[in-house]
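Student: Can you walk me through this one? I'd like to start with charged pairs.

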Amino acid sequence: MDDVILSMRQIVKQYPMGDEIQTVLKGIDLDVKQGEFVAVLGPSGSGKSTLMNIIGCLDTPTSGTYVLSGRDVGGLNEDELAQVRSKEIGFIFQSFQLLPRQTAVENVELPLIYSGVHERERRGRAEQMLERVGLADKMDHYPNQLSGGQQQRVAIARALANHPAILLADEPTGALDQQTGRQVMSLFHDLNEEGNTIIMITHDIGIARHAQRIVRLLDGVLTEGVAEDA
């Protein structure tokens with residue numbers, strides 16, 4: 001639990017805006033330990049999506065250092081970043097992002113295909129992940145045959161398939177009703193208790209409080225914790 005799996009130091013992200021430079025992230029320092037459940041809380045426009053994209057190796061910082069699983073990702077090329085995304089990070093999106101013409105088990109298999117896992121092992125692991133999220137009886141169902149909560153569980157199973165270092169969840173309950181959202185957060189608690197490291201991006205203080213630890217992002221500045229009346 002004491003092992004730091006993610007370490008960011010003085011992460012800055014800037015974008016050109018006409019003749020000016022917009023600084024979206026302003027010297028972010030963040031450490032996440034193995035097995036932690038961390039919520040990054042912030043309103044729209046705070047820089048959450050930019051930070052998520054850098055954590056997920058979908059984008060690179062303008063300056064600063066980012067070490068993931070002991071590896072400095074700052075100097076990696078596109079192919080190497082793609083490998084990190086595939087093997088080290090399990091993405092969970094608000095909109096599920098399931099392929100509509102693929103069954104649940106086929107959707108979960110996708111990251112394993114990209115990682116070159118043999119077909120028999122691939123199917124077995126995908127089935128195991130769906131069983132883990134309570135969908136053993138829905139493996140052959142297509143996304144349009146599943147409820148929103150079930151689709152998000154498929155997405156979580158897909159994120160788990162490669163045994164990633166980090167589960168990175170972007171507003172994971174944003175498309176769900178309140179009761180279904182609570183069920184998904186309960187699953188997150190279970191996964192965290194099993195040792196999975198989770199970083200959750202959210203604008204909702206109620207959802208953020210499910211995490212062990214909250215960091216607050218406001219106007220590109222990250223601070224530890226959140227006021228109780230937030």
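Student: How many salt bridges does the count come to?
Tutor: The count comes to eight salt bridges. A salt bridge here is a side-chain nitrogen of Lys or Arg within 4 Å of a carboxyl oxygen of Asp or Glu. This is a predicted model, where local features need pLDDT of at least 70, side-chain atom pairs count only at pLDDT 80 or more, and totals for chains, interfaces and linings use all residues. Residues are numbered from 1 along each chain as its sequence is written, and side-chain values use heavy atoms, with hydrogens and water left out.

Student: Which residue does arginine 9 form a salt bridge with?
Tutor: Aspartate 31. The closest N and O atoms are 2.8 Å apart. Arginine 9 is in strand E1 (residues 4-17) and aspartate 31 in strand E2 (residues 20-33), so the pair ties together parts 22 residues apart in sequence. Strands (E, at least two residues) and helices (H or I, at least four) are DSSP runs, numbered from the N terminus.

Student: New topic. What is the strand order in the open sheet of six strands?
Tutor: The order is E6-E7-E8-E3-E9-E10, with mixed pairing. Two strands pair if DSSP finds at least two bridges between them.

Student: Which strands stand at the edges?
Tutor: E6 (89-92) and E10 (221-224). Each has a single partner strand, so one side of each has no neighbour in the sheet.

Student: How do E9 and E10 pair, parallel or antiparallel?
Tutor: Antiparallel, over four bridges. Leucine 218 has valine 221 in E10 as its bridge partner. The two strands form a hairpin with two residues between them. Aspartate 219 in that turn has a positive phi of about 50°.

Student: And E3 with E9?
Tutor: Strand E3 (residues 37-41) and strand E9 (residues 213-218) run parallel, joined by four bridges. Alanine 39 has isoleucine 214 in E9 as its partner.

Student: Helices now. At what angle do H3 and H5 pack?
Tutor: Helix H3 (residues 104-114) and helix H5 (residues 148-160) pack at about 30°, with axes 7 Å apart. Axes are lines fitted to C-alpha atoms, for helices over the stretch in contact, and angles run from 0 to 180 degrees between N-to-C directions. That makes H3 roughly parallel to H5, a label for angles under 35 degrees.

Student: Which residues meet there?
Tutor: Ala104, Asn107, Val108 and Pro111 in H3 meet Val154, Ala157 and Arg158 in H5. Contact means heavy atoms within 4.5 Å.

Definitions and conventions
Angles under 35 degrees count as roughly parallel, over 145 as roughly antiparallel, 65 to 115 as roughly perpendicular and the rest as oblique.
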